[in-house]
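Biologist: I have a chain open and want to go through its fold and surface. Shall we take it step by step?

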Amino acid sequence: MPAALPPTLPEELVEEILLRIPPDEPAGLLRASLVCKSWSQAVSHRGFRRRLQDFHRAPPVLGFLHDWDDEDIPDFISATVSPFSLAVPDSWLWQAVDCRHGRALFLSDDPYPEELLVWEPITGSQQLVPVPVMSDIGRTTASVFCAADGCDHCNCHGGPFCVVFVFSVDSEDPDDGEYDTAACVYSSETGAWGELTVMHGEFYMHFTYSSSVLVGESLLYFMTDGGLILEYDMAMHGLTWFKAPYSCYSKGIPSYILMPAEDGGLGLVEELDPHLKLWSREMTDARWIPSRIINLGSLSLNGAQMGATCPVHVLGFAEGANVIVVTTAAGLFRVQVQSEEITRVCDDHGYGNLIPVVGFYTPMPQVAAAEA
């Protein structure tokens, strides 16, 4: 007589088991989805992603997009416990500039970009957005965010989004020696760009090494290559700029990156080998207030502690996961702000723009994946 098949686990119990697969091991959910059709349907259901967030709270850093020009480095650097990869848009054609709310944003890799690409890392969906029609738009950057009212950004894949496009150009008056920095917003719901917001000033702003920071629902901040901070108030249609604390320029080059402050406003993290110093900006009087120090003394290179001979460079901040990304000669590390836990990601590849990809990975069902 053939052996009797074991009893089937109730669907509710299967889901409870799958929920407990650590979110920083997305390959585990992918393997589980291949066991049988019912398991695949369970982990790809939209409600399962919400239960993942309710159960685990903070989303993991899945990995990083980057601008390192090295064929030996994959376009997506995994930051998870188990090996994990994503089919990133061709880095020869696209330059990653931002990632937020389940969407990554790319500029066409040309001296004068003509298109933007919005890519959903989880679903693989892509949407092209034309750059506003202008001549000689100069150095540019851009930002993406969810536009759904009241969304908690757990299940907003496929929903409405906005793109902010920022650029600097020579002033229309060639004799004043000044420049115009402008911003405008694209809405996926209307398929159109809004009116330009323009700031006239003495600085030509370049944006190369950092992505934007979103504070609240309407304030976007960009760090320029020269260390200035550009604020775009989308609600009031205003552009302004200001500086970081004086100590952030003591090395001759900007030694900080922007991040949301722990009180919900704008903050930044400053390099102080071998420490990181957190600052927050007062909303009332615009003063920078020191918050706390994160000691990186546990990092070492061949037994030598981090310091002046082995400096720490801050490369980015992962919104949602509350993780600071630093690089040293000992490698690339992520630093969890609350716990101050330090985890090594990979070898050091030098300075560049690093774009964290944050979110709960759930496998797409085969039908939906084909449609996307």
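Biologist: What share of the residues of the protein chain count as buried?

Modeller: Keep in mind that this is a predicted model. A residue is buried under 20% relative accessible area. The protein chain has 372 residues, and the share of them that passes as buried is 50%.

Biologist: How many helices and strands are there in the protein chain?

Modeller: Both kinds of element occur in the chain. The count is five helices and 26 strands.

Biologist: What percentage of the contacts with a separation of 6 or more comes from residues 24 or more positions apart?

Modeller: Take the contacts in the protein chain with a separation of 6 or more.

Biologist: Which helices do the buried residues of H3 pack against?

Modeller: Helix H3 covers residues 37–44. Its buried residues are Ser40, Ala42, Val43 and Ser44. They pack against H1 (11–19), H2 (26–33) and H4 (46–56).

Biologist: Which residues form a nonpolar patch on the surface with about 260 Å² of accessible area together?

Modeller: One member, Leu13, sits in helix H1. Leu13 has a relative accessible area of 41%, so it is partly exposed. A patch residue needs over 30%. The patch consists of Leu9, Leu13 and Ile17.

Biologist: Why can residues three or four places apart point the same way in an α-helix?

Modeller: It comes down to the turn. Residues three or four places apart point the same way because an α-helix has 3.6 residues a turn.

Biologist: Is Asp69 buried or exposed?

Modeller: Asp69 lies in the loop between strands S1 (61–66) and S2 (76–78). The cut-off for exposed is over 50%. Asp69 has 72% relative accessibility, so it counts as exposed.

Biologist: His237 has a positive phi although it is not a glycine. Is His237 buried or exposed?

Modeller: Phi of His237 is about 55°. The residue is in the loop between S14 (228–233) and S15 (238–243). Its relative accessible area is 53%, so His237 is exposed.

Biologist: And is Asn322 buried or exposed?

Modeller: Asn322 also has a positive phi, near 55°. Its loop runs between S22 (313–318) and S23 (323–328). Relative accessibility is 17%, so Asn322 counts as buried.

Note on methods. Residues numbered from 1 in each chain as written. Predicted model: local features only at pLDDT ≥ 70, side-chain atom pairs only at ≥ 80, totals over all residues. Heavy atoms only, no water. Helix = DSSP H or I, 4+ residues; strand = E, 2+ residues; numbered from the N terminus. Buried < 20%, exposed > 50% of the residue type's maximum accessible area, 1.4 Å probe, protein only. Contact = heavy atoms within 4.5 Å. Patch = residues over 30% accessible without salt bridge, like charges linked within 9 Å, V, L, I, M, F, W, Y side chains within 5 Å. Areas by Shrake-Rupley, 256 points an atom, 1.4 Å probe, with all protein chains shown as cover. Salt bridge = Lys/Arg side-chain N within 4 Å of Asp/Glu carboxyl O.
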